[in-house]
Amino acid sequence: MEDKNNEGKKFDVFVIGSGISGQTVAKACVTAGLKVAIADRREYGGVCANRGCDPKKVLLGATEAWQKAQQLQGKGLESMPKIKWKKLQKFKRKFTGAVPKSTEETLEKLGMKLYHQSPKFLDENTLSIEGKTVQADKIVIATGYEPRPLLFDGAKFLKVSDDFLNLKKLPKSILFVGAGYIGMEFAHMAARSGSKVTIIDFADRPLGPFDADLVKELTEYSKKMGIEFIFKADVTSLKKTKKKYKLSYKKGGKAESLKAHMLFNTAGRIPSISDLDLEKGNVAFDEKGIDTDPYLQSKTNPNVYACGDVSDHDVPLTPLSGRQGYVVGENIVNGNKKKLDTPVIPSVVFTLPNMARVGYSEEEARDRYKNVIVKQGSVPDWFNAKRINAPVYAYKILLNERTEEIVGAHIIGPEAAETINLFTLAINNKMTATDVKRTIFTYPSWGNDVKSMV
């Protein structure tokens with residue numbers, strides 16, 4: 001007779017993390033008839049749907065409307081709209097509020113066991129969770145990223161991206177420690193919504209992975225918006241004063257400081273694995289994440305797979321996380337037959353204007369090919385930008401001279417997030433500049449501009 005105290009403690013598959021990659025694996029496995037459990041220490045649904053790209057884009061919508069209205073003042077529009085942050089947050093919650101409950105209901109209906117805690121490895125097949133010992137034939141780590149901890153004195157006073165996305169009221173002044181994707185995107189939102197914004201970073205410019213020429217244009221425009229930048233600075237401490245916080249830093253060997261009502265850690269994100277006791281599970285990892293093979297299986301523990309941001313094969317972008325989840329699900333159900341095939345992946349910074357890239361950087365292309373053709377220009381006078389009085393529109397397109405194939409594309413502009421998808425399609429299909437030029441697009445449209453860029 002089965003001991004009821006042990007009921008549910010042995011699973012075919014145990015998934016840690018309920019974001020897009022974890023859900024994809026879990027659904028594939030339970031649909032194949034396997035006994036599946038899934039765990040998350042936070043609300044179900046993962047970062048993107050609850051506290052990442054989706055709510056960020058909802059908040060961005062109001063600043064997009066505000067920006068267009070500002071550009072068209074005196075050119076058909078005569079009064080500026082006001083961004084009501086509280087109402088904007090209420091609108092955002094319509095997108096995020098139902099996610100955890102609906103995700104849990106969906107997974108439970110499929111027959112999974114749900115846990116609400118982060119487990120810890122006891123050995124290669126055993127986990128401890130919610131005071132219980134659980135065994136699983138296969139364990140899937142899909143825990144994503146978390147903010148990179150900063151270690152200077154007073155760092156505990158820093159808030160993180162979750163806090164910004166849930167702010168009930170924007171403070172009068174905000175300081176972002178880190179000039180990457182998150183810092184730049186939030187800085188643009190906050191500045192347009194009325195806050196005085198400062199960004200501080202140890203590097204000499206924002207957005208290191210993006211083209212330096214285009215980043216320079218974005219930086220100069222951001223300064224015109226009122227955003228202050230402090231580069232080549234090492235933060236030393238943070239103290240709470242009566243009404244503000246005082247951040248101390250060194251720049252050029254000189255000690256300096258500044259004050260703000262609220263400060264955010266936007267210094268990047270790291271794999272969320274510190275609570276898992278991976279050593280006990282014989283799961284190798286480094287600063288990039290879980291050490292996996294092309295099947296996304298742990299190189300040191302064949303019972304473990306990793307997918308999404310936490311895998312060392314990943315670029316931290318939601319579309320690739322879903323693809324990785326699919327690969328892991330297939331390999332658990334059918335044996336290791338499917339390797340991760342990563343296409344060329346675009347990435348976007350949702351500042352206004354958008355900053356987008358796909359394929360090689362100029363430096364990478366010159367290292368890869370004997371001769372590279374660089375097509376670039378700053379073109380705010382092109383019709384699509386001019387008709388909405390957009391102040392910034394520029395591009396840099398890279399071609400392999402021998403084949404004329406497009407190998408890299410970098411764009412800054414109002415709709416760069418959309419236009420970059422056409423270049424992604426072109427690069428993944430090895431299209432040449434001639435192929436693009438002879439394609440008929442709608443006119444006048446942002447998509448049609450790609451013909452002039454190549």
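Let me start with phenylalanine 441, which is partly exposed with a relative accessible area of 25%. On that scale, buried means under 20% relative accessible area, exposed means over 50%, and partly exposed lies in between, with a 1.4 Å probe and protein chains only. Phenylalanine 441 sits in the loop between helix H13 (433-437) and helix H14 (449-453). Helices (H or I, at least four residues) and strands (E, at least two) are DSSP runs, numbered from the N terminus. From phenylalanine 441 to proline 55 the count is 386 residues in sequence, and 32 Å in space, C-alpha to C-alpha.

A word on what you are looking at. This is a predicted model, where local features need pLDDT of at least 70, side-chain atom pairs count only at pLDDT 80 or more, and totals for chains, interfaces and linings use all residues. Residues are numbered from 1 along each chain as its sequence is written, and side-chain values use heavy atoms, with hydrogens and water left out.

Now the overall picture. The protein chain has 14 helices and 23 strands. Its radius of gyration is 24 Å, close to the 22 Å that the globule rule gives for 454 residues, so the chain is as compact as a globular protein of that length. That radius is taken over C-alpha atoms, and the rule is 2.2 Å times the number of residues to the power 0.38. The C-alpha trace spans about 80 × 65 × 45 Å along its principal axes, and buried residues make up 50% of the 454 residues.

On to charges. Side chains of opposite charge can pair when their charged atoms come close. How many salt bridges does the whole structure hold? The search finds 17, a salt bridge being a side-chain nitrogen of Lys or Arg within 4 Å of a carboxyl oxygen of Asp or Glu.

One of them joins aspartate 162 and arginine 51, at 3.8 Å, N to O. This pair links distant parts of the chain, with aspartate 162 in helix H6 (residues 161-165) and arginine 51 in helix H2 (residues 46-51), 111 residues apart.

Another bridge pairs aspartate 291 with lysine 299, at 3.5 Å, N to O. Here aspartate 291 is partly exposed at 22%, while lysine 299 is exposed at 54%. There is also a network of salt bridges linking Asp211, Asp213, Glu362, Arg366 and Lys396.

Finally, the backbone. Most residues other than glycine have a negative phi, and most peptide bonds are trans. Where are the cis bonds? A cis peptide bond joins leucine 352 and proline 353, with omega about 5 degrees, and proline 353 is in the loop between strand E19 (347-349) and strand E20 (354-359). Another cis peptide bond joins tyrosine 443 and proline 444, with omega about -5 degrees. Proline 444 takes us back to the loop between H13 and H14, where phenylalanine 441 also sits.

As for positive phi, glutamate 404 has a value near 70 degrees. Glutamate 404 lies in the loop between strand E22 (394-400) and strand E23 (406-413). Lysine 430 has a phi near 55 degrees, and its place is the loop between helix H12 (416-428) and H13. Lysine 430 is exposed, at 57%.
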